[in-house]
Amino acid sequence: LIVMGDAGVKQAASTPDNPAEQDSLFSMTDLFLISLITGLLTYWFFFRKKKEEVPELPKISPVASPVRDSSFIEKMKKTGRNIVVFYGSQTGTAEEFANRLSKDAHRYGLRGMAADPEEYDLSDLSRLAEIDKSLAVFCMATYGEGDPTDNAQDFYDWLQETDADLSGLRFAVFGLGNKTYEHFNAMGKYVDKRLEELGAQRIFELGQGDDDGNLEEDFITWREQFWPAVCEHFGVEATGEESSIRQYELVVHTDVNMSKVYTGEMGRLKSYENQKPPFDAKNPFLAPVTVNRKLNKGGERHLMHLELDISNSKIRYESGDHVAVYPANDSLLVNQIGEILQTDLDTIMSLNNLDEESNKKHPFPCPTSYRTALTYYLDITNPPRTNVLYELAQYATEPGEQEHLRKMASSAAEGKALYLSWVVEARRNILAILQDMPSLRPPIDHLCELLPRLQARYYSIASSSKVHPNAIHICAVTVEYETKTGRLNKGVATNWLKNKVPDENSSKSLVPMYVRKSQFRLPFKPSTPVIMIGPGTGIAPFMGFIQERAWLKQQGKEVGDTVLYYGCRHENEDYLYREELARFHEDGLLTQLNVAFSRDQAEKVYVQHLLRKNKENVWKLLNEGNAHVYVCGDARNMARDVQNTFYEIVAEFGNMSQPQAVDYVKKLMTKGRYSLDVWS
């Protein structure tokens with residue numbers, strides 16, 4: 001047929017005027033085309049049918065299961081719970097408090113569960129009344145400048161947008177904050193107020209924990225009044241004394257495939273061997289340290305500049321963002337705990353949740369070894385909280401030591417004072433407590449269950465991605481101090497970073513990290529002046545800001561005044577980035593470089609003194625230039641003193657009263673023209 005067709009086509013081309021042959025040709029072509037179309041339709045019909053069948057094969061309905069799982073109401077009904085304790089937690093403390101409250105419930109004939117708001121649909125709060133004697137408790141930490149924690153962001157957004165009727169909901173809130181910050185306990189206050197506005201019934205007053213004081217004591221004081229209020233509301237009574245109930249059971253693995261054992265990963269098994277973006281808190285990137293140099297030329301402290309290589313990670317950052325790093329505990333401390341508890345730290349084990357319905361199957365990634373858990377997953381350097389002491393007391397064989405531990409864990413005034421002096425102020429960590437109490441030898445698995453998780457540490461990024469797209473710079477000072485008991489305590493992350501020596505062929509130079517976005521941003525218009533105030537390591541984000549403004553100028557952009565107020569102790573000891581700053585200043589990229597050396601003269605001079613000295617220029621930039629002000633560093637003293645100085649300058653040159661000046665600065669904050677990146 002094909003040959004005949006080809007011949008016919010050639011014939012038609014040579015004798016187009018022959019009508020008989022033309023008729024014969026068309027019928028042949030039609031036949032060919034019909035056959036072709038029929039074949040194509042048949043093929044397409046069967047092909048399409050196969051394609052339609054593909055989605056029908058996996059009948060696991062992946063869409064339906066999250067809807068079911070996201071209902072905490074269904075879960076509570078299924079497991080017989082009537083109290084749910086939600087936590088908004090950035091460093092793990094709020095989660096810890098939520099677990100303690102949910103555990104308390106059994107003493108009153110109630111059953112509680114701790115819940116991460118990120119994992120559930122909180123619009124179900126309106127249905128909580130379906131459960132008898134139901135109550136929702138919220139342990140809400142405030143992060144940064146009055147912001148919700150990452151895991152509570154969706155809940156916060158929902159509260160702002162919803163008009164749900166929560167009249168059947170009974171609730172209580174405990175906020176975790178720090179009084180040195182401008183927006184103390186903003187998240188706790190907002191949740192408490194908003195739930196009431198939506199019709200919910202508050203059954204106990206808002207608790208406000210202050211991490212600048214004694215957060216643990218604040219929580220215990222609130223908790224000991226909270227439960228009697230719950231009892232009165234529901235007409236229940238305590239069934240007995242607090243008792244130690246294990247949440248996890250130990251499984252020791254004697255014959256285990258080592259490729260299935262966690263060795264420090266935060267989420268996915270073997271994620272450090274097989275890195276896959278995107279990188280975040282549960283999937284950190286292993287960044288090689290390419291530079292680690294000492295910044296200061298003298299003094300007792302060690303201030304350092306590190307550069308992390310983020311090439312090929314697809315990690316993007318902006319000036320002002322934070323880099324989070326996951327540190328490791330000192331192997332010396334880990335080994336000492338193992339020796340005291342006479343444990344083989346290389347034993348492979350799992351701690352499995354006794355509550356099979358719980359979303360949290362293990363307290364940390366399992367299976368793993370005790371050594372890995374104590375090195376990468378557990379906080380062994382901070383003073384333990386009172387609930388840990390209470391649970392450990394049963395293992396002290398000497399009556400005096402047991403009594404000592406129980407007293408510190410009690411809510412009596414004498415017990416609180418003892419805990420404050422013997423644990424908090426003496427900075428006794430778990431190793432120090434074990435050393436000072438020879439009869440206290442708990443099983444290591446119970447200790448691992450009780451200790452809080454080792455948290456990521458956040459540092460302000462000291463570089464601009466416009467200048468350093470493949471690197472993140474860190475500026476930090478090593479923490480080291482002697483305690484009242486004569487022990488030398490070292491900061492976990494800074495001492496770990498100090499030992500990260502660049503080495504292309506060694507895993508020892510790798511840092512697990514991810515980037516956390518910040519609101520600390522340069523003005524949208526480069527022509528807007530900026531006033532940056534950052535003494536000590538508070539200089540970090542401003543190195544990024546200055547680099548970026550210099551880059552913008554090189555691109556031909558009009559860049560406004562770039563003013564820096566920096567401070568350190570001694571000009572010849574700890575003047576950080578001295579050469580770089582001098583070069584930026586000489587090149588006109590840094591309009592003003594104002595440096596306060598606090599201890600180079602009899603009378604101490606700080607950044608706020610230099611602001612006062614230049615008050616006319618500060619006001620001109622602020623009032624006429626619409627300058628943006630940035631403050632980075634110590635929250636407790638510096639940030640507060642700087643803010644008070646701005647109140648004075650505004651009052652004097654703006655002809656305002658003190659309350660008016662305060663209001664003026666607060667409005668600058670609201671407009672994003674006065675930004676803080678501070679820590680305590």
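**Strand pairing**

Modeller: Strand S8 (residues 248-252) pairs with S12 in the antiparallel sense, over five bridges. Helices (H or I, at least four residues) and strands (E, at least two) are DSSP runs, numbered from the N terminus, and two strands pair if DSSP finds at least two bridges between them. This is a predicted model, in which local features need pLDDT of at least 70 and side-chain atom pairs count only at pLDDT 80 or more, while totals for chains, interfaces and linings use all residues. Residues are numbered from 1 along each chain as its sequence is written, and side-chain values use heavy atoms, with hydrogens and water left out.

Colleague: Which residue stands opposite Met349 in S12?

Modeller: Val252 does. S12 is also joined to strand S13 (residues 368-369) by two bridges, again antiparallel, and there Ile348 stands opposite Ser369.

Colleague: How many of the six residues of strand S12 are buried?

Modeller: Buried means under 20% relative accessible area, exposed over 50%, and partly exposed in between (1.4 Å probe, protein chains only). In strand S12 (residues 348-353), five of the six residues are buried.

Colleague: Where is Asn296 placed, and what does its side chain meet?

Modeller: Asn296 is in the loop between strand S9 (285-294) and strand S10 (303-309). Asn296 counts as buried because its relative accessibility is 5%. A polar contact is a pair of N or O atoms within 3.5 Å; within protein, one must be able to donate a hydrogen and the other to accept it, and residues adjacent in sequence count only if both atoms are side-chain atoms. A polar atom of the Asn296 side chain lies 2.7 Å from the backbone oxygen of Arg301, and a polar atom of that side chain lies 2.9 Å from the backbone nitrogen of Leu303.

Colleague: In what order do the five strands of the open sheet lie?

Modeller: The order is S21-S20-S19-S22-S23, with parallel pairing. S21 and strand S23 (674-679) are the edge strands, each pairing on one side only.
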